[in-house]
Amino acid sequence: MSAENDPAQRVAIGISFGNSYSSIGFTTGEGRAEVIANEDGDRQIPSVLSYVEGEELHGGQAKTQFVRNAKNTVAYFRDFLGQEFKSIDATPCHESAHPLQHESTIAFKVKDSAEDEENEVTVSDITTRHLKRLRNSAAYYLGKEVNAAVITVPTNFSDAQKEALNKAAKEAGIEVLQFIHEPVAAVLAYDARPEAKLADKIVVVADLGGTRSDVAVVASRGGIYTILATLHDYEVTGLKLDQVLIDYFAKEFLKKHKSASDPREDARGLAKLKLECESVKKALSIGTSANFSVESLVGGIDYTATINRTRYDLLGNKLFSAFSRLVLHAVEKAQLDPLDITEVILAGGNAHTPKIASTIANAFPETTTVLAPSTSTTAINPSELSVRGASIQASLIQEFELEDIEQSTHPMVTVTPHLSHAVGVLCISGDETNGVFHAIVDAETPLPVRRTAIISTPREGGDVLIKLAEGLRHIKVTKPEPKAKKEKAEDDSDDSDDDESDEEEELREKTWKVSNVLSEAAIKGVKKGGKVEVQINIGADLGVNAIYREVGGKGGVRGIIAGEKAANGSA
Amino acid sequence: MTSAQVQINLPLPVLPAGWTAEKDFKPVGSLSHAIDRNIEPVGPHFLAHARRKRHKRTFSEDDR
Ligand SMILES: Nc1ncnc2c1ncn2[C@@H]1O[C@H](COP(=O)(O)OP(=O)(O)OP(=O)(O)O)[C@@H](O)[C@H]1O
Ligand SMILES: [Mg+2]
């Protein structure tokens, strides 16, 4: 076994590698995830490399080269890994080195050596160089060599893409312990906080990046995560928001300088606009106004201007709604209702934008928590969620043999039967039409599962019935009473197109319908004010083993409900 | 962290008069079919799941 493959010799970090930005992190001895700043002080390190007379610039320094050295600057390349040239969208690379076909892979033509000649550098090599820089920054910060990592990838990253990334990482001296899905890393980042409670919930992760937006609906059951639906969009993105600002400032510039040419039609002018507009966008996430200032935007004319948040909110309005539609669409794809969503985690850089967060929050009921800097004081920096999750996972598995990790992530272990309906008890009445169903184990819970419920009893105690059943979640819609028409016409005669919003909204509630009774049990002689404990064990074969007892009481009742197969067999 | 405990504040129904069952338990139906899905191999609770599955252990064996 080589030294770096020996778990005892491992120093593992978490890496989030995006098309726009990358981050590195590690978990401290106390189990806290920390994001590492590189030598420039950046925690969001642009995934950009640039070559100037043989010198390699990386990150923020490389990014500024978009203006003067665009052709030798490589950016937005992650998604090209492991892909064929014909299947990629090169649009984000328009203002930097263009991807081109190179044998069966993709390369960039750059002058990356001191000689004045162009070399074709494959996307794999570019990735290796980028990862090396990240690895070095981490090593510099930690004061020791780094040789392993957990890296986050989108949920639609193909096996070929993962394989290419794995190889590129190996070339960079990084043993990839595991690839984990970006949205799952985000959920883990939140769940790993000391104050987090283990609860069953449905979480939507909306990762709003520079070149893509990814939404995942995740069932979180006892700390185990199952992705129910995903959605990927390459149109509703951070770059599109930048474009809104680019167009705005270009037009303002042209208004002021009537004879000047359009900066968007000048390569350097456009590059300057892009960089400055991204900064303006970021500034508008914290401040209520931001300054735009570029020297020699076009034709030697300096241009400064300000924009306030209200204006920006107006300009971006259509895109903000589009972000919110994406999130709702993912919920629909999971065949769920917004009322089913416990939390929306906003991840990715654009989640900092207050209007995006508030537009999404408005699309969900008040019972849904939206975790973004502007909607929640306890939100984690959305730009750091992926890398934090990766860092935590790295610390969890860094002592394992690679073979062990591979076995545990094999479908033999991960493919698991999930409950199709909630299982719970009937309260108040044992009659299915009057009783109130209360779930003990939710739908989409992986099996086997064990859950315990503590249930109240009637005021006087006595003999109680415990009826286990499956419950179907039902959305009850109550239409408001129609208002008297005449009254309305009189008091708002001057607003014409407003009748829609005048109507009271229908009331939507989450309720349960009992679909299938599983068993009945009795606990007799419960004392006044007593409680009953029900423990349910459901096996992978759908067999149920239940234990009922009065809390603090003696004895108890045990019952077995045969699984489907067994039940059919005995019938 | 142990498995989540559910608190239910609505009261259980009173046992109907004349209800009887051997050992006070009566199976009535069985669970609907399950759906096979992939769980994400991430986080501490997954690791516990993987351990149980690979070593064919139950929750209570796990508790010991
Ligand atoms: N504070 C901020 N306010 C608003 N937008 C921001 C902020 N910080 C970063 N962004 C934007 O977020 C986007 C980058 O998102 P992220 O860091 O998640 O990158 P990524 O995962 O590499 O993106 P992708 O792979 O989609 O290109 C950029 O459009 C950037 O301008
Ligand atoms: Mg991303």
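Residues are numbered from 1 along each chain as its sequence is written, and chains are lettered from A and ligands numbered from 1 in the order in which they are written. Because the model is predicted, local features need pLDDT of at least 70 and side-chain atom pairs count only at pLDDT 80 or more, while totals for chains, interfaces and linings use all residues; side-chain values use heavy atoms, with hydrogens and water left out.

For the complex, the predictor gives an ipTM of 0.93 and a pTM of 0.93. Chain B contains two helices and three strands, where helices (H or I, at least four residues) and strands (E, at least two) are DSSP runs numbered from the N terminus. Along the sequence these elements follow the pattern β-β-β-α-α. Confidence within chain B is highest in strand β3 (residues 35-38), at a mean of 97, and lowest in helix α2 (residues 59-63), at 68. Of the 64 residues of chain B, 38% count as buried; buried means under 20% relative accessible area, exposed over 50%, and partly exposed in between, with a 1.4 Å probe and protein chains only.

One residue of chain B has a backbone angle worth noting. B:Asp24 is not a glycine, yet has a positive phi of about 60°. B:Asp24 lies in the loop between β1 (5-11) and β2 (25-27) of chain B and counts as buried because its relative accessibility is 19%.

A:Leu542 is placed in the loop between β26 (531-538) and β27 (544-550) of chain A, and its relative accessible area of 5% makes it buried. Another backbone feature of chain A is the cis peptide bond that joins A:Leu447 and A:Pro448, with omega at about 5°. A:Pro448 belongs to the loop between β22 (436-441) and β23 (449-456) of chain A.

Aromatic rings come next. Over all chains, the structure holds 10 aromatic pairs; rings of Phe, Tyr and Trp (its six-membered ring) pair if their centres lie within 6.5 Å, and planes under 30 degrees apart count as stacked, over 60 as edge-to-face and the rest as tilted. A:Phe17 and A:Phe77 form a tilted pair, at 5.9 Å centre to centre and with 50° between the planes. A:Phe17 lies in strand β1 (residues 12-17) of chain A and A:Phe77 in the loop between β7 (73-75) and β8 (99-102) of chain A, so the pair ties together parts that are 60 residues apart in sequence. Both A:Phe17 and A:Phe77 are buried.

A:Phe80 and A:Phe108 form a stacked pair, with 6.3 Å centre to centre and 25° between the planes. This pair links distant parts of the chain, 28 residues apart: A:Phe80 is in the loop between β7 and β8 of chain A, and A:Phe108 is in strand β9 (residues 105-110) of chain A. Both A:Phe80 and A:Phe108 are buried. Elsewhere, ring pairs link A:Tyr248, A:Phe249, A:Phe253, A:Phe292 and A:Tyr303 into a cluster.

The loop between β7 and β8 of chain A also holds A:Cys93, which is buried at a relative accessible area of 1%. Not counting residues up to four places away in sequence, A:Cys93 touches A:Ala75, A:Tyr76, A:Phe80, A:His98 and A:Pro99; contact means heavy atoms within 4.5 Å.

The helices of chain A complete the picture. In helix α4 (residues 182-191) of chain A, nine of the 10 residues are buried, among them A:Glu182, A:Pro183 and A:Tyr190. The axes of helix α5 (residues 238-256) and helix α8 (residues 317-333) of chain A come within 10 Å and cross at roughly 170°. Axes are lines fitted to C-alpha atoms, for helices over the stretch in contact, and angles run from 0 to 180 degrees between N-to-C directions. The two helices, α5(A) and α8(A), are therefore roughly antiparallel to each other, a term for angles over 145 degrees. A:Lys240, A:Leu241 and A:Val244 in α5(A) meet A:Leu319, A:Phe320 and A:Phe323 in α8(A).

A:Phe320 is also one of the residues in contact with A:Thr359, leaving aside neighbours within four places in sequence. A:Thr359 is placed in helix α9 (residues 354-362) of chain A and counts as buried at 18% relative accessibility.

Methods. pLDDT is the predictor's confidence in each residue, from 0 to 100. Angles under 35 degrees count as roughly parallel, over 145 as roughly antiparallel, 65 to 115 as roughly perpendicular and the rest as oblique.
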